[in-house]
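The sequence and the structure come first, and the description follows.

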Amino acid sequence: MFTEVTYATSAGSGRPNEDLVIAGPSWIVVLDGATAAAGVDSGCLHDVPWLVARLGGTLAARLAVDGDTPLSGVLEEAIEETAAAHGGGCDLGNPDSPSSTVAVVRVARGRVEYLVLGDSPVVLAPVGGGAEVVADDRLERLPGGRPYTVELVRRMRNVPGGFWVAAARPEAAAQGVGGSADVRELRGAGVCTDGVARLVDWYGWSWDDVVAALDGEGPGTVIGAVRGLEAARGPVRGKRHDDASAVWGRLGAAPGVHHRRRVR
């Protein structure tokens with residue numbers, strides 16, 4: 001079990017926040033819905049927030065009662081159930097159908113299990129210090145390099161050799177980056193969306209810095225650091241402000257060592 005779970009989330013613009021954080025005593029789920037490109041027909045009657053809410057709720061319902069099914073199996077069942085909930089009016093074969101990244105952490109049988117599908121990383125904090133990031137970087141390795149065209153992303157989504165996200169294909173769950181660690185070797189686990197990973201990808205933080213801030217000042221400070229750096233330096237690419245969510249699940253009977261860092 002986690003001894004404490006804290007989180008913060010912030011919308012990147014005036015649009016609804018398409019991130020979602022749900023947690024229980026022994027599990028954490030973070031989803032980051034893929035904002036639909038302008039002018040693209042998704043073939044679906046539902047929007048991205050609907051998909052995120054439905055998939056997140058289904059995952060939570062399953063994780064709350066099932067500590068034995070592998071996380072990839074839990075996600076596969078949740079995608080299948082969510083796809084069925086669309087009904088017959090949606091073209092789920094459309095590659096632009098609403099989709100989301102998924103990051104799950106679960107404490108079960110003395111292990112901390114994790115699964116990452118898409119660019120919402122999990123970061124593990126060993127008892128001795130430091131950080132171990134679990135990331136799915138396939139979106140960063142598409143042919144030709146960035147900037148990507150809408151057509152390239154459309155063609156490479158949920159296909160072998162491309163990148164995988166949770167949409168309407170249950171088999172995507174088997175493509176997640178997963179594993180586990182001994183719970184006795186960790187003081188905590190963090191989960192964040194790519195809006196927070198900007199700190200490492202763009203602004204010079206290390207994952208050690210992120211863990212120190214999560215464990216010390218808390219997720220709200222991490223979100224504040226992102227927003228401050230976005231305002232001061234601007235984005236490397238894309239949106240000036242993306243939806244940003246960060247979660248810290250503490251393990252062990254006592255709080256970890258609190259590290260202070262100065263926001264650059």
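## Salt bridges in the predicted model

Glu81 is partly exposed, with a relative accessible area of 38%; here buried means under 20% relative accessible area, exposed over 50%, and partly exposed in between (1.4 Å probe, protein chains only). Its salt-bridge partner is Arg62, which is also partly exposed, at 24%. A salt bridge is counted where a side-chain nitrogen of Lys or Arg lies within 4 Å of a carboxyl oxygen of Asp or Glu. By this rule there are 20 salt bridges.

The model is predicted: local features need pLDDT of at least 70, side-chain atom pairs count only at pLDDT 80 or more, and totals for chains, interfaces and linings use all residues. Residues are numbered from 1 along each chain as its sequence is written, and side-chain values use heavy atoms, with hydrogens and water left out.

| Pair | N to O distance |
|---|---|
| Glu81 and Arg62 | 2.7 Å |
| Asp136 and Arg138 | 2.8 Å |
| Arg198 and Glu230 | 2.7 Å |

Glu81 belongs to helix H2 (residues 71-85) and Arg62 to helix H1 (residues 48-65), 19 residues apart. Helices (H or I, at least four residues) are DSSP runs, numbered from the N terminus.

Arg198 and Glu230 form a salt bridge. Arg198 sits in helix H4 (residues 194-201) and Glu230 in helix H6 (residues 219-233), so this pair ties together parts that are 32 residues apart in sequence. Arg198 and Glu230 are both buried, and Asp136 and Arg138 are buried too.

Terms used. Helices (H or I, at least four residues) and strands (E, at least two) are DSSP runs, numbered from the N terminus.
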